[in-house]
Each structure stands twice: as structure tokens, then as C-alpha cells.
Amino acid sequence: MILDTTLTALAVLFPETETEDFRSGAADTEPAEEEKKKPKKDATSRKNGIILRDYAVHGYHIDVQVDPSQLLEAVAIIDSLEYFIESITGVDWIKEEQLEAVYDFSRYDFDLCRVVIRTRTSRATPSLPSITSIYAGANWHERETHDFFGIKFEGHPHLIPLLLPEDADFHPLLKDFKA
Amino acid sequence: MSEPVRLQADETFVLNVGPQHPATHGVLRVKMEMDGEYIVNAETVIGYIHRMHEKMGELKTYPQYYMNLSRMDYLGALGYSHGHVLLIEKACGIEVPERAEYIRAITVELNRIASHLFWFGAFVMDLGGFSPLMYALQDREHILDILERITGSRLTYSYYRFGGLYNDVDEEFVESSRRFVQRMRKSLKKYRRLVTDNIIFRKRLEGNAPLSRETCRKYGASSAVARGSGINYDVRKNEPYSVYPEFDFDIPVYSEGDSMARYKVRMEEMEQSLRIIEQGLDKLPGGPIMPKKPPKIIKPPVGDYYQAVETARGNFGIRLVSDGTKNPYRLKLRSPTYSNMHLFDESCRGLLIMDALAFMGSIDLVIPEIDR
């Protein structure tokens, strides 16, 4: 099973944190109780580490939060396991003064396993390493995320506006953006 | 007598294709660095009809935003709406009646054929054959008529609702769909004789712009672009959703990776869609098309949700970050052609410009869907 292989490979990044299992029935928790727990985990300061999600509810299996310094390492592990890149996007957590980048990976074979890698950067000077050296297809996705959120991807070969006009100096998906 | 003009050996020039060019099927621009007729380097410029659908997603409530999804891809609108309603139903835990889910599958497949037909006509026209477009549009018109009767629109359908459908289908829909399946089977034979077996057409496409499996993976390609390169990937099979596990259908896969493989995949997909429609009409259960108590206000619980569907253009993903209010906190649309088009820059290097345009046609571009 690729799920276990991926978990083992990713666990190397977090020697001190246990993998949390939020799948229904996994830890004898009823789904209703589980629902109550989730908001705390999802919305606010979550520790770096791996969380197993209920595929039927969330639509993905492995949810990994890494430090920006670990991002390239995590993506390289995913690449070595032959995942394909689905998309990169951002989320503006304005209350916590943070920007989150979300990387989606999935598989071409029938061993279904969706992996989400998240990483957070400060809202004032958002900067993350570019993964274009590993996945060439990240190029446009990173440019788009730069357009919408202003995250600077260090090492990106061509970080100019993609969807926005070429002279755009605004980032429309930031929560404090006023048209 | 003036001196003859001498070109330097390594001299290149930049050719600007688009943004208004018939071969790009919309406002797409490609800056090509040319060495004579050969492409040295290319840079695709997109965003000319960017409408910021994702920001609209944050500003509108869920039902208000629903109609935006059908404005993304004007040829295969229902597939995108399907993804959105499935996501919201999953997040809110809304039960969908079986009949509604069957009708959704049937209409999505009809829409897929309509989209592929338009692509087929336009693609052959790109290569210089005009009449197949007319035949394709004639067949497509039947689908538009069938869908217009039940959905009320011909292109930008907003037929689904959270929990079911807007309108039930009747006997005439079933009858006309069956008639269409018969008609389409004949047409597919005609297309095979007219286009697929045509020696000029085949010589033009075979070996044109081969893509490797690795390129597809690095760029996240899907639909016929991936399936033409030997990747057996279709969200309907790999990640079953809706009632697709109930149907018996195959995923055509070719390993050549060239434009002909992509062409053949899409042509055979139409046949498979016909099979799904036929089985769906046979199995169509009775019953309601909406749940007994559809939710009046859509407020998904706090969390992060993802739903992928196979639209006419490939793997469409939609991610919702909900904060428990009436509006999404963040709504990301992952469009399939965006990833498919992205690999064009790398893969068209070294091609003749007319071969690159054939390659571009084989990707099946719908620009509003790339730009969102």
C-alpha cells in the first residue's frame, strides 16, 4: 500500500512528532466527536506533522504540515514516490498574520492516495523556496500564487505576473485587498 | 548591385502567435523564438480573459457562486458544476437521491460528447480539413437540443442543485437520448472513414510531438494528454465518484504519446460515453430528484475539503476551505487545461511551427478555463 510507504517516507521529517490519525473509527472516536475536534486543528496554530484524514469527508488521505525549510525535502520524497503535481495554492490566515501555501499531489496508478503538503510563512514578508527544480510544472502554479498572494518563491526562474496584468502590484486574494 | 543578405548561422527571431489567432482557439498568446521554421523556445502568455473566479468565490454565497462554474468551460460546463455540487454535498453531508445522480451522470456524458465533437471539428479544421467541423456541429446540435429541453440553456447550464437537480427528465428525454446514441454510433463510423483512416491526416499526426510519461507527471497532465502517453488515469475510474462505479466502461489508453494517440483517445472516449449513457438510461431509477428536506442555507462545517472529477478536459479539482459561514473562506479551482497547456512550452521545442499548432490543437484548449 502506497499510503503506508508514503507515511514511512514522510515520517523521517518529523522524528519527534507522532502521526495523528483523524480517520473515523481509527481511534475509537465517533464521527460527531471528531467533527468537534477538527476546527481547532484546522483553523489555528497547528503543529508541523502528519495528519491522516478521512477520505470520504475531506477528499484526501495524508495532510502534512512542514516548516518552509523542510519543503524541498518533503516534495523530493513525494517526487521519488512517483506522485504527480496537481496544484499549488495559498490561503490567507489574516488573524494569525500568516500565509499558507498548499501543495496537492495525487497518483496516476490505482493505488489511490492524495497527499496535501502545507507550509506557512509570515504575512509581512512572505517567502518560500520554489519547487520548480523538482516539479517543472510548479512554474505556473507558483507564479499564480505569487499573483494572488504575493508569496515570493525563492529560486523561481521567471516570477512575473501570469494571470494578472504585467504591471500588477496588487494581490487580490489577500483578505485585506480592496478593489 | 546591392550585396546579398547573409544570415548568421545562429540567428533567431521572435514570432508572436496570438493573442488573436484562429489556431489558439481564444485569446492565448505564444511568444516563439524561431530558427527558420523551427521553434527554439516558446513562452505561453495567458491571462487575457482572467476573471478572478476564485475571488468571486469568496465574495458570493455557495448557491450564488454555483453558476460561475458553468462559465469556466463553455464547452463542457456540466462537468464543472458536477464537481462543485459534489464538493458541497460532501462537506455538508447532503444525501442525493439515486435518480438525480444517474441523471447527472447521463447529462455530464452527453456534455462530454458535445465538447469532444466541437474539439474534433476544430482540430481537423486546424489541420486544414473544413467539412468535418460541419458534421460534428450537426451532431452536437442534437445534444444541445436534448439538454436545452431539460436544463433551459444551451451552453452555460446551471442544472444541478445542492442535493439534486433543478428539473426532472421525462420520457421524451429518454427517447431522444436513445435516438441520439444510435445516430452518434453511425457518425463515429463516418468520422473513422472520413478522418481517422485518412492517410494525409495520419501522416500529419503520427509521431507529432511525442510526450513522455515523465513529462506528464511533472506537469500534472490529465485527460487525453496523459492517456495518449500510456497513463491509464481517469478520475472516474481511479477515484470513483457519483454513480460511475455502476457503469461498465473502458478507458482508452495509447502509449505512443503523439498527437494521433491523443486524437484516438478522445474519439474512443465518445464511444465509451455512449455506453455510459445507454446503461444509465436502462438503469434509470424512479423516485425523487431532490432530498426531502434540502438545506435552505449552505454552511459547510469548518474544514478543508477537496473533490476531483473527470470533466471533458481532464482532472478538475476544487478545494474548499470553510470557516463555517455562508461564504467560502477560500475556494481554489484546479483546471485541467492549465496543467496540460503548461507542458506546451517545453514540448514544442524543435518542432516545425505547423506541427506545434497541430500539437496545440490536440491538447483541446478552452481558454476561459485556463484563465479562470
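## Report on a predicted two-chain model

Chain A contains five helices and eight strands. This is a predicted model. Read from the N terminus, the elements of chain A follow the order α-β-α-β-α-β-α-β-β-β-β-α-β. Chain A has 179 residues, and 41% of them count as buried. If one takes the contacts in chain A between residues at least 6 apart in sequence, 60% join residues at least 24 apart.

**The nonpolar core**

The largest nonpolar core has 140 residues. The members that touch the most other members are V64(A), A74(A), V115(A), I117(A) and L110(B). Helix α4 of chain B, residues 98-126, gives the most to this core, with 16 residues. Leaving aside residues up to four places away in sequence, A74(A) touches L10(A), L13(A), V64(A), V66(A) and I117(A).

**Where the chains meet**

Between the chains, 30 residues of chain A are in contact with 34 residues of chain B. On the side of chain A that touches chain B, the elements that give two or more residues are α2 (31-43), α3 (55-58), β4 (84-93) and α5 (138-149) of chain A. The largest share of this side comes from β4(A), which gives six residues. Sorted by class, the side of chain A that touches chain B has 18 nonpolar, six polar and six charged residues.

**Helix α5 of chain A**

Helix α5(A) has 12 residues. From its first C-alpha to its last, α5(A) reaches 16 Å, close to the 16 Å expected at 1.5 Å a residue. The helix is mostly covered, since 12 of its 12 residues are buried. Among the buried residues of α5(A) are W140(A), H141(A), F148(A) and F149(A). The buried residues of α5(A) pack against β4, β5 (98-106) and β8 (152-154) of chain A, together with α12 (336-342) of chain B. After α5(A) comes G150(A), whose phi is positive, near 80°.

**A sheet in chain B**

In chain B, three strands form an open sheet in the order β8-β9-β10, with antiparallel pairing. Strands β8 (303-311) and β10 (330-334) of chain B stand at the edges and each has a single partner strand, so one side of each is left without a neighbour in the sheet. On average, neighbouring strands of this sheet are turned by 10° against each other, direction ignored. Nine bridges join β8(B) to β9 (residues 314-322) of chain B in the antiparallel sense. T311(B) stands opposite G314(B), which lies in β9(B). Helix α3 of chain B, residues 77-92, lies across β8 and β9 of chain B and runs at about 150° to β8(B).

Most residues other than glycine have a negative phi. Which value does phi take in E82(A)? Phi of E82(A) is near 70°, a positive value. S242(B), also not a glycine, has a positive phi of about 50°. The table sets out where these residues are found and how many other C-beta atoms surround each.

| Residue | Loop | Other C-beta atoms within 10 Å |
|---|---|---|
| E82(A) | between α4 (71-80) and β4 of chain A | 13 atoms |
| S242(B) | between α10 (235-238) and α11 (259-283) of chain B | 18 atoms |

A residue is buried if 20 or more other C-beta atoms lie within 10 Å of its own, and exposed if 12 or fewer do. With 13 such atoms, E82(A) is therefore partly exposed. S242(B), with 18, is partly exposed as well.

Notes:
Residues numbered from 1 in each chain as written. Chains lettered and ligands numbered in written order. Predicted model: local features only at pLDDT ≥ 70, side-chain atom pairs only at ≥ 80, totals over all residues. Core = buried A, V, L, I, M, F, W, Y, C linked by C-beta atoms within 7 Å. Helix = DSSP H or I, 4+ residues; strand = E, 2+ residues; numbered from the N terminus. Contact = placed C-beta atoms within 7 Å. Nonpolar A, V, L, I, M, F, W, Y, C, P; charged D, E, K, R; others polar. Pairing = 2+ DSSP bridges. Axes fitted to C-alpha atoms, helices over the stretch in contact; angles between N-to-C directions. Expected span 1.5 Å × (residues − 1).
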